[in-house]
Amino acid sequence: MNKNTKNQTTKITQRNFDFDEFMDCLTIWMMRNNTTHVPYDYVDTRYDTHYPLGHVMRQLTITPTKDDTKIVLTKKQQQVLNNLGVSLNQNNSFYAPEFLWQIKKFAETHKTTHIKPEYVERFTNYPLGKKFQMVKNGFLIKQKAIPKTTPHIDVDDSVYAELISLGFLSAYTKQGIKTAKSITFNYDQFVSHWVAYCAKQLKVHAPDPYNPHRTYITEDGYKLGEFTYLLRLSKRKIENGEMPYYKAYTLTQEQWQKLAKLNFFEGQTQKRKSDKKFDEFCDRLAQYKKEFGNTLVPDTYVCEDGYALGTRVTYYRKCKNKSLKNNTPFPKDREKKLNEIGFAWKHHDAIMEDFFEHYKQYKKTHNNKTFVSNSYVCEDGYRLGMHATKIRLSKHKLDLGKPAQVALTDQNIKTLNSLGFPWEISKISDKRFKTEEKANFKYFFDKLVEYKDEFNDLQVPFGYRCDDGYALGQKVVYFRQRKNKTFEGANKILVDTQNRALEKLGFAWEEKTDTSKKQPTLKHKK
């Protein structure tokens, strides 16, 4: 091993592995600790270059990860380690010291002893949940609680003792093994355990004596925390008009009253992930209302930190509509909380209310002007002109018995009439709607004559629009491009006639490139 580099831990591979050096470190460890179980993170600091003894033991005893290389020993070296009690490749890649190290790290990080079977430590990809389940199965088999054919891992009693001291196997002791295994709920049994728990917590002056953790299990193995959580959750579901998960938790009125006298509802019900997300949504929505004065959140609105508030608003609207469609009640506590904030349940109503607010502001700032051009955009980015155009066209289509983009109700039409909203579609942009009056050549020719009378030429800029929103500049480009196309039959006669009329007027078939002459303003005429 290279000792020139100081205070650095060398990565041990097959190439630089020295068995004598390894045995020297292991012997010292065994003399000090009287065991061959070396923690995964242990490093021998006697050398200038620190020797990672725990990591090397892991490489020798289990299948290495992607970042490690397995160290292959000779038969003589394997015999030496076996004589010392070091088990090579034991229990299908299970190494007890690393397992206990991961267990302690999990308890310190998550502050709980509940490990899901699918849990994997994300930094080392260690399948702690699967390993713990197999170790627990080995303990239950030893207690004769489950069949021996169950997949398991056999470990030393010292490992079981360590897990029991940490609280990971406290529910599976010999005295309480049968009680912990049973999931049958008994009301009288629960009341007796609840009274004993509260008396014990009040005696030690606990900060929250009526709120046992969901994973809490009494000394005799009774799942008090789990039953408390399910009872409180069932009570909340019953109040919301829903059915509890299990019929066993549907108590009578007298039983609920008895629990209330025992301060059962004083503790806080531990919230699910969905409840935490809902609370966060309510806080965000309240903040939005405080900032903008309403809850009409656009679908594409995203908060500064990336929270998609508009998407969540759409989600809860869909949940409400789905519950009405399936004749299932929406949670009353959530509906009440959203109503207090002023949540807009219907998407159409929210859109129309948003339009009304912007239209009133538009009239106020434009001397009570009622017409809004199609290109008008409010200061906050709301495209008022585009929405006004949609509403006009939708009203026109509804009068003709055709499907419309905006489903206007009688109340919406009544509100718009009271605001003096103009319904005439003759003032809508030709590019967007192509109504019969604006689509014909005569309307374009008349607008061209008006432009010539005002500016004394026909060099219309591309972005120029008339007072009523007519895109004259874009239409000029259309007629210039149309001249180069070929037509047949009646269409050719019609196009030739229109082209002659434009030439007589002095229409500029090519855009003028001379910029010495001052171009007309692109603003709308007043």
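In helix H19 (residues 441-455), the side chains of Glu450 and Lys447 meet in a salt bridge, 3.9 Å from N to O. A salt bridge here is a side-chain nitrogen of Lys or Arg within 4 Å of a carboxyl oxygen of Asp or Glu. This is a predicted model, where local features need pLDDT of at least 70, side-chain atom pairs count only at pLDDT 80 or more, and totals for chains, interfaces and linings use all residues. Residues are numbered from 1 along each chain as its sequence is written, and side-chain values use heavy atoms, with hydrogens and water left out. The whole structure holds 6 salt bridges.

**The pair in helix H19**

- Glu450 and Lys447 are 3 residues apart, about one turn of the helix.
- Helices are DSSP runs of H or I with at least four residues, numbered from the N terminus.
- Lys447 counts as buried because its relative accessibility is 14%.
- Glu450 is partly exposed, with a relative accessible area of 39%.
- The cut-offs are under 20% relative accessible area for buried, over 50% for exposed, and partly exposed in between (1.4 Å probe, protein chains only).

**The network around Arg284**

- Salt bridges that share partners join Glu280, Arg284 and Asp305 into one network.
- Within this group, Arg284 forms a salt bridge with Asp305, and the closest N and O atoms are 2.7 Å apart.
- Arg284 lies in helix H11 (residues 273-292), and Asp305 sits in the loop between H11 and helix H12 (309-325), so the pair ties together parts that are 21 residues apart in sequence.
- Asp305 counts as exposed because its relative accessibility is 54%.
- Arg284 is at 21%, so it counts as partly exposed.

- Side chains of opposite charge can pair when their charged atoms come close.
- Lys104 forms a salt bridge with Glu162, with the closest N and O atoms 3.5 Å apart.
- This pair links distant parts of the chain: Lys104 is in helix H4 (residues 96-110) and Glu162 is in helix H6 (residues 157-166), 58 residues apart.
- Lys104 has 38% relative accessibility, so it counts as partly exposed.
- Glu162 is partly exposed too, with a relative accessible area of 25%.

**Gln189 in helix H8**

- Gln189 has its place in helix H8 (residues 187-203).
- Its relative accessible area is 32%, so Gln189 is partly exposed.
- The C-alpha atoms of Gln189 and Tyr222 are separated by 9.5 Å, and the two residues are 33 residues apart along the chain.

How values were computed
Helix = DSSP H or I, 4+ residues; strand = E, 2+ residues; numbered from the N terminus.
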